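This briefing is meant to be read beside the sequence and the coordinates. Please keep both open while going through the points below.

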Amino acid sequence: MLVEREAESCYLGQYIPLQYHHNMLMDANRMDNFKAAIQRHVFEGARVLELGGGTGVLSWFAAQSASKVYCVEFNPDMVVEARRLLSMNQHGDRVEVIHADAFEYLPPEPVDFVICEMIHVAMLREKQVEVIENFKRRYADKFPGIKMPVFIPEAILMAVQPLQQRYDFSGFQAPIIQFQLGGVFTADTLELGQPALYKIIDFCEPNDLWVRWEGDILIEQSGKLSALRFITKNVLAVVMETNSTIDWLNHYMALPLANPIDVLAGDVIRVAFQYRTGGSIDSLQNNIKVSVLSKLSQEQVQTQVSLVEA
């Protein structure tokens with residue numbers, strides 16, 4: 001009988017079927033930003049490890065400068081495809097595709113960079129955090145005294161935002177999970193307040209696998225609070241000289257609330273939830289608690305709005 005992690009790997013994280021990789025290759029937002037971050041980081045002659053390589057495209061970006069790239073892939077079909085595709089591309093011979101479990105593999109030598117893109121909104125479903133934390137412990141044991149490699153992404157920022165979300169589909173009421181493009185306006189979605197940052201994951205630091213948050217959000221527009229939007233921004237590289245970052249923004253995830261709440265501008269809602277990174281979406285949705293905490297005076301509302309805008 002498969003243990004939980006082995007069973008999940010059949011469809012999550014390390015084991016994404018080939019047909020889905022086309023969508024990822026077509027995602028210019030993902031591809032262009034990873035390419036820019038990898039080109040910025042990886043220097044001539046560097047040693048690179050990619051955990052969960054898929055088609056090998058991110059390893060290939062690194063191979064344009066690196067002297068050696070170890071590309072670890074768990075899906076045997078993808079191992080064959082990655083080797084075939086890399087053989088068709090310049091410097092693909094610098095990438096060694098290895099059929100192995102990212103939870104267990106360590107490179108034969110120290111590396112300068114580790115690329116890992118097992119990322120889902122809110123760090124659910126896929127095992128990015130667990131894989132990286134597990135890798136850091138094993139790497140330190142194998143190469144004591146050696147500096148830890150730079151991770152790409154370097155950090156993850158996660159926020160939550162109150163929404164009035166319309167769930168009417170030709171008269172059929174269906175409050176279900178929705179994934180939304182960032183920055184795209186839709187008449188079905190009304191933002192009731194600003195996003196509240198609830199978690200920063202810095203891969204240079206030790207990270208707990210659990211996310212626990214309780215915080216207050218100012219309601220800026222009256223409506224029916226029917227969903228919470230979860231926003232995940234991946235910091236792929238920090239550009240120190242311009243004090244900026246190269247980022248990749250996941251699609252937004254809107255989770256419907258079991259019991260919508262009527263709210264007025266000036267209300268403060270308290271939101272609380274907890275979940276394990278890599279867990280199911282349900283594990284978050286079933287743990288969300290929302291209540292109206294208080295009502296503010298008009299002067300207090302304006303003060304908080306000004307602070308947010310600043």
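A salt bridge is taken here as a side-chain nitrogen of Lys or Arg within 4 Å of a carboxyl oxygen of Asp or Glu, and a search of the whole structure on that basis finds 15 of them. The model is predicted, and the protein chain has an average pLDDT of 90, with 89% of the residues scoring at least 70.

**Overall picture and confidence**

- The protein chain holds 8 helices and 17 strands, and 51% of its 310 residues count as buried.
- Among contacts between residues at least 6 apart in sequence, 76% join residues at least 24 apart.
- Where pLDDT is low, the predicted coordinates should not be read in detail.

**Salt bridges**

- Within helix α5, Glu81 and Arg84 lie 3 residues apart, about one turn of the helix, and they form a salt bridge whose closest N and O atoms are 2.8 Å apart.
- Glu81 counts as buried because its relative accessibility is 18%, below the cut-off of 20%, whereas Arg84, at 43%, counts as partly exposed.
- Lys224 forms a salt bridge with Asp262, with the closest N and O atoms 2.8 Å apart, and this pair links distant parts of the chain, since Lys224 belongs to strand β13 (residues 223-239) and Asp262 to strand β15 (residues 252-263), 38 residues apart.
- Lys224 is partly exposed at a relative accessible area of 37%, while Asp262 counts as exposed at 57%.
- Lys233 and Asp247 meet through their side chains in a salt bridge of 3.8 Å, N to O; this pair also links distant parts of the chain, with Lys233 in strand β13 and Asp247 in strand β14 (residues 244-249), 14 residues apart.
- Both partners are partly exposed, Lys233 at 31% relative accessibility and Asp247 at 22%.
- Arg166, Asp168 and Asp188 are linked in a network of salt bridges.

- Glu154 sits in the loop between β5 (150-152) and β6 (155-165), and it is buried yet has no salt bridge, the nearest side chain of opposite charge being Arg40 at 7.5 Å.
- A polar atom of the Glu154 side chain lies 3.2 Å from the backbone nitrogen of Val238.
- Leaving out residues up to four places away in sequence, Glu154 touches His41, Ile201, Asp202, Phe203, Val235, Leu236, Ala237 and Val238.

- Phe151 lies in strand β5 and is buried, with a relative accessible area of 4%.
- Beyond its neighbours within four places in sequence, Phe151 is in contact with Val114, Ile132, Phe135, Lys136 and Phe203.
- Phe151 and Glu50 are 101 residues apart in sequence, and their C-alpha atoms are 9.8 Å apart in space.
- Glu133, in helix α6 (residues 128-142), counts as buried at 8% relative accessibility, and its side chain makes a polar contact of 2.9 Å with the side chain of Lys136.
- Apart from residues up to four places away in sequence, Glu133 touches Phe203, Glu205, Pro206 and Asn207.

**Backbone geometry to check**

- Most residues other than glycine have a negative phi, and most peptide bonds are trans.
- The peptide bond from Ile152 to Pro153 is cis, with omega near 5°, and Pro153 is found in the loop between β5 and β6.
- His91, in the loop between α5 (76-87) and β3 (95-99), has a positive phi near 65° and counts as partly exposed at 24% relative accessibility.
- Ala122, in the loop between β4 (113-116) and α6, has a positive phi near 65° and counts as buried at 0% relative accessibility.

**Aromatic rings**

- A search of the whole structure finds 12 aromatic pairs.
- Tyr198, Trp213, Phe230, Phe273 and Tyr275 form one aromatic cluster.

Note on methods. Residues are numbered from 1 along each chain as its sequence is written. This is a predicted model: local features need pLDDT of at least 70, side-chain atom pairs count only at pLDDT 80 or more; totals for chains, interfaces and linings use all residues. Side-chain values use heavy atoms; hydrogens and water are left out. Helices (H or I, at least four residues) and strands (E, at least two) are DSSP runs, numbered from the N terminus. Buried means under 20% relative accessible area, exposed over 50%, partly exposed in between (1.4 Å probe, protein chains only). Lys and Arg count as positive and Asp and Glu as negative; His and the chain ends are not counted. A polar contact is a pair of N or O atoms within 3.5 Å; within protein, one must be able to donate a hydrogen and the other to accept it, and residues adjacent in sequence count only if both atoms are side-chain atoms. Contact means heavy atoms within 4.5 Å. Rings of Phe, Tyr and Trp (its six-membered ring) pair if their centres lie within 6.5 Å; planes under 30 degrees apart count as stacked, over 60 as edge-to-face and the rest as tilted. pLDDT is the predictor's confidence in each residue, from 0 to 100.
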